[in-house]
Amino acid sequence: MSDILEVDSVSKSFGGVRAVDGASFRIGAPGIYGLIGPNGAGKTTLFDVICGRQFADSGSVRLAGVRIDRLRVHQRVRLGLARTFQECRVLEEETCLDNVLFAAQDKNLGREMIQTFGRSEAYRRTAMAEAERLLDLVNLGNLQAEPAGNLSYGQRRLLEIVSSLIVKPRLLLLDEPASGINPTLLNMLRDFLLRMFAERQIVVVIVEHNMEFIMSLASHILVMHQGRVLEEGPPAAVQTSQRVIDAYLG
Amino acid sequence: MPASGIRFAVTALLEQIVNGMMMGAIYVLVALGMVLIFGVMEVLNFAHGVLFMAGGYLCDVFVVHATGSYPLAVVLTMVTLAIVGMALERTVFRRLRVNLPMQIVASLGLILIAENGAVLLFGPSALQLSVPSVRSLVRVGELSFTVQHFIIVGATVVSIGALHVFLHHTRFGTALRATSQNAEAARVIGIDSASIYRITFAVACALAGLGGALLGPLFLISPQMGDLPLLKGLTAIVLGGMASIPGAIVGGFAIGIVEAVSTLFIATEYRDMVVFTVLIAILLMRPWGLFSVRVRGDA
Amino acid sequence: MQRLASIDHVPVVLGEVCSPAAAAEAPVASDYSIPLILTVPTAPDLTKQGNSFLFRVNADTDQLNEALAAYVGERHLSPLSFIAWNNDAGRGGVNGMKALLPKDIAIGYVGYFDVGAVDFSSDVTNIRKSGARAVMLLMDEEPGALAIRQIRDAGLDSQLMGTLAMGSDRFLTRLDAKYLDGMVQYSAFPPSAPLPRIQEFGKAYRARFGEEAHGFAAQSYDGLLLAVKAMQAAGTATDGAAIQKALSGISFDGVVGHIQFDGDNQAKPPVYITQWCKDGTRKIDFPANLKSECGAG
Amino acid sequence: MLPARTAPLLSGALFAAALYLVPVPFAGYPYVLFALTLTLCYAIPAMALNLLLGYTGLVSLGHMGFAGVGAYVTAVLMKHGIASFAPSIAAGTLAAGFVGALVGVPCLRLRSHFFIIVTLAVGMLLFLLFNNLDWLTGGAAGLPGIPRPRPLDLGFAVVDPRRPVGIYLLAATVFVLVFVIQYALVRSDFGRSLAAIRQDETLAASRGVDVFAHKLTIFAISAAIAGLGGGLQVVFLRAAAPQSFGLLEDINLVLIVIVGGAGSLFGPSLGALLFVALPEALRVADAFRMVLFGAALVALALFAPRGLWGLAAAAARKLRSDESAVARVGHS
């Protein structure tokens with residue numbers, strides 16, 4: 001079975017700044033992977049290249065063998081890639097339930113037009129049960145009918161993650177999910193992610209600064225430094241690697 | 001093409017380039033004001049055309065009823081409109097900084113107020129303001145132009161220079177550029193963005209007033225005199241790349257010249273179509289405008 | 001118009017000023033069988049829609065152009081250029097004039113501009129490039145004054161030819177005489193012509209409004225009297241159809257001259273040509289029997 | 001309370017029935033019917049623009065240009081007897097939709113400020129075409145003499161569009177058809193995707209929405225509906241003039257939608273009633289009234305961004321919440 005995610009010598013620069021300089025790594029087995037590195041290591045740029053927010057200057061990205069680095073964002077999503085945003089984006093005017101149901105909706109334009117006159121609400125009924133279950137898991141069950149705009153920052157982040165999970169993605173990319181979240185919610189987030197991973201056996205890649213959170217969650221860590229993958233391996237090995245310590249302490 | 005034909009074509013081309021520079025200068029004055037306001041405040045001021053028109057009427061009032069001297073009237077017009085600009089910014093546009101559709105509604109409301117106000121105060125028919133520089137002519141070989149043509153181009157070049165000095169060599173100007181690049185960052189280091197917005201609007205409206213005061217005597221001062229300059233000015237800042245001042249300057253002059261020279265090849269009533277077709281063509285090739293750099297996140 | 005016809009139930013309507021509006025109102029007039037008397041719009045095809053309730057007192061562009069075409073022919077002012085409004089009055093005037101010109105007159109540059117435009121520099125350049133001997137301006141006073149000033153400021157000395165509105169003293173307030181010297185224009189009502197009906201109306205108009213009478217006023221005045229006379233002849237002030245019948249057969253000596261409607265309900269008032277003199281007065285150039293010196297046009 | 005799904009259908013049906021009953025009291029007042037029919041003609045392009053402005057967040061300042069395309073295609077076909085009313089107006093609608101798609105492909109990739117200015121330029125271009133192509137559109141003089149559709153025998157009644165009541169009923173039918181299309185598009189998965197695009201384009205894309213394709217589709221549909229409105233207006237006024245599809249009408253249309261209440265189903269119709277029927281009734285909008293009107297617009301932009309319908313809806317919601325609050329107090 002080919003790798004789920006394969007990043008092959010990707011480079012990206014803005015003017016003179018080489019943000020990503022030939023980064024490469026492969027993820028074959030399902031698991032929770034951490035992507036860490038000091039500021040300016042190119043984590044966010046690489047993350048954006050994989051998600052499609054940025055196009056790579058050179059190199060390639062493959063999702064389950066299919067090359068995606070030239071596709072537009074929505075095409076990658078339909079191939080099973082899902083992501084959350086560092087700035088946490090939700091549909092503020094829609095209710096929490098509608099946020100999740102919208103994520104589950106089939107976005108194919110042709111089928112949408114047929115539904116416009118067919119008026120079938122089939123998918124919403126089938127997705128409803130799963131949506132409510134996931135919302136309950138993150139204690140948002142009682143806020144189903146509340147517009148997302150009224151939620152706290154932490155609750156919005158949980159809603160965003162639930163919305164990206166409802167579509168059963170093959171690869172879930174989380175962009176600093178721990179930032180700005182109080183410890184109690186952090187534990188709930190960790191348990192939720194572990195439970196979802198246990199249920200779904202997918203690949204989760206987390207870009208994160210919160211070492212304690214990432215080390216307790218990820219089974220495999222990738223360390224980036226100056227645009228390249230410096231080190232990768234289980235958390236214990238990576239924490240003791242001299243190269244990583246030098247990179248951080250400079 | 002017979003010899004005389006070539007000579008005719010060259011003089012015609014020269015004549016249209018001068019006319020193009022003159023109208024281009026007017027578009028630059030309007031575009032500069034709009035690009036300043038948009039660059040600093042993310043506000044697209046559709047009411048800029050009526051400020052241009054107000055410049056024409058104010059200049060007429062200051063010449064005929066107050067001072068009798070055109071240069072003094074132009075200065076008074078610019079000062080008055082700077083004050084009007086500050087008032088507008090405080091009452092209307094500051095609250096609408098982010099909300100684009102409401103900026104448009106507010107601008108359209110201001111257009112209705114200004115154009116119909118002009119009809120109420122000065123009557124529907126246009127005013128004709130006769131000033132010395134429009135009556136005296138300059139002969140250039142077989143061609144002749146009013147002195148006003150060259151005053152307009154000269155005044156615009158001076159304004160561009162003054163604006164450049166203000167923006168790059170004064171403390172206030174640097175603060176203004178900082179606010180345009182990143183309002184929050186500027187505020188963090190102690191720049192009072194409220195006064196920046198006020199000054200930006202004052203300078204922008206003064207420039208528009210200057211444009212109206214310069215073009216009014218050459219043609220007519222009428223309630224609708226600002227409409228076409230607004231559209232051409234908008235086209236200029238889009239060509240230039242929305243927030244780029246050099247882009248607005250080159251865009252304004254380019255439109256003026258292309259528009260004027262195009263009338264040698266196609267019928268004049270299609271002149272305005274030329275400008276809009278050029279705009280759409282350029283945006284197809286460079287969807288972010290001629291001059292502005294590709295902004296990060298523009299995948 | 002809809003409001004006048006259905007709510008106010010008026011018997012006769014005295015005409016619209018611009019042709020597109022007149023074109024839209026004509027069908028409403030025939031729907032409610034209310035005679036619509038036009039006294040200003042000049043688009044030739046207005047009276048060619050077979051609408052029996054539409055009457056026109058003023059001459060259309062073809063009739064007006066006949067006199068000027070003869071003037072251009074006699075002096076062989078070729079090539080002849082035009083600057084005209086980009087609407088039916090403008091385009092109708094240009095096409096009408098072209099049809100009436102002798103074959104040996106070449107057409108130089110023709111420039112159209114939208115109502116409200118003020119910059120004629122490109123037209124001036126093209127006229128100079130085409131080496132035009134004469135330029136006909138088909139527009140009303142406001143753009144006319146602008147175009148003339150820009151033509152003369154750019155050093156062009158071609159013979160200028162204008163329309164009705166450019167022959168009145170009001171036009172002098174927009175331009176000083178030196179710009180107008182030598183310009184000719186057709187006219188339906190030369191205010192200082194030595195004709196009794198013109199002098200009388202002129203005096204009465206000046207007494208009432210304090211300024212010189214002009215063609216539009218004279219034609220509308222006749223239109224009003226015409227309607228009254230028709231209503232008297234039909235003996236009714238409400239039955240539109242009867243008034244229409246009276247109007248089509250009417251023969252009336254108005255201020256602008258004798259008015260009688262042809263098959264298309266179009267009158268044939270006399271047309272004159274006047275020329276501006278250096279001192280700001282006018283003289284009549286056509287018809288020959290009224291040829292006069294400066295001050296009597 | 002009625003189940004959620006049928007409530008809007010009921011109010012929609014009542015609204016439609018009311019529309020059809022209007023001629024009964026006003027049959028004797030052709031002028032009132034004239035003003036109401038004109039309002040319906042304006043409401044159709046207003047609903048079209050609302051699909052863009054209100055539901056997708058796209059501000060198009062040249063939309064009456066597309067109405068003009070529909071109008072002139074319909075007018076030319078009918079005036080020269082090439083086709084009768086139904087095929088002509090269908091051709092006009094399709095032509096407008098096609099031009100909309102043609103404009104959309106290049107322009108919808110532009111960032112919002114560019115897009116607004118380009119739609120303004122497109123509107124100007126279309127107007128200049130109507131104003132200058134004399135041989136086709138009659139140029140500035142307009143295209144007079146467009147025949148009204150032939151009478152339609154419905155068995156129980158004959159609808160004669162040549163009479164004020166007939167043309168009103170025709171306009172009402174087209175209006176209801178467009179209202180249903182607006183409702184269907186908005187209250188559907190497609191409508192939810194549009195709402196997502198309006199609220200956060202980047203998020204919509206990351207949920208799998210092909211933003212460009214959706215924008216292009218709704219832009220073309222909206223242009224087509226505007227063309228339908230243009231065709232109807234021209235057949236009703238029996239003449240096509242470029243001025244009715246120029247810059248002033250573009251601005252007027254934006255105001256109708258925003259003042260009426262962008263993003264609501266009934267907003268555009270309310271706006272059309274205010275902007276078309278009212279001034280028509282007041283007849284001459286003199287300068288002073290326009291100044292007050294402009295001031296009202298500025299005030300509305302500052303204090304009621306959701307437009308009048310938004311205000312009404314907010315007031316209604318507040319009323320309901322007060323009632324329910326009172327009711328709860330009663331129970332606790």
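Which residues in helix 3 of chain D meet which residues in helix 12 of chain D? The legends below start with this pair. The model is predicted: local features need pLDDT of at least 70, side-chain atom pairs count only at pLDDT 80 or more, and totals for chains, interfaces and linings use all residues. Residues are numbered from 1 along each chain as its sequence is written, while chains are lettered from A and ligands numbered from 1 in the order in which they are written.

**View 1. Helix 3 and helix 12 of chain D in contact.** From helix 3 of chain D, D:Y42, D:P45, D:A46, D:L49, D:N50 and D:L53 meet D:L253, D:V254, D:I256, D:V257 and D:G260 of helix 12 of chain D; two residues are in contact if their C-beta atoms, placed from the backbone, lie within 7 Å. By class, this contact has nine nonpolar, two polar and no charged residues. Ala, Val, Leu, Ile, Met, Phe, Trp, Tyr, Cys and Pro count as nonpolar, Asp, Glu, Lys and Arg as charged, and the others, Gly among them, as polar. Helices (H or I, at least four residues) and strands (E, at least two) are DSSP runs, numbered from the N terminus.

**View 2. Crossing of helix 3 (residues 30-53) and helix 12 of chain D.** The two axes come within 9 Å and cross at roughly 70 degrees, which means that helix 3 of chain D is roughly perpendicular to helix 12 of chain D (65 to 115 degrees). Axes are lines fitted to C-alpha atoms, for helices over the stretch in contact, with angles from 0 to 180 degrees between N-to-C directions.

**View 3. The side of chain D that touches chain B.** Here 33 residues of chain D are in contact with 36 residues of chain B. Helix 6 (112-132), helix 12 (247-261) and helix 14 (287-303) of chain D are the elements giving two or more residues to this side. Helix 14 of chain D gives the most, with 12 residues. By class, this side of chain D has 28 nonpolar, four polar and one charged residues.

**View 4. An open sheet of six strands in chain A.** The strand order is 6-7-8-3-9-10, with mixed pairing; two strands pair if DSSP finds at least two bridges between them. Strand 6 (81-83) and strand 10 (228-233) of chain A are the edge strands, each pairing on one side only.

**View 5. Strand 7 (residues 171-175) beside strand 8 (residues 203-207) of chain A.** These strands pair in the parallel sense over five bridges. A:L174 stands opposite A:I206 in strand 8 of chain A.

Methods. Angles under 35 degrees count as roughly parallel, over 145 as roughly antiparallel, 65 to 115 as roughly perpendicular and the rest as oblique.
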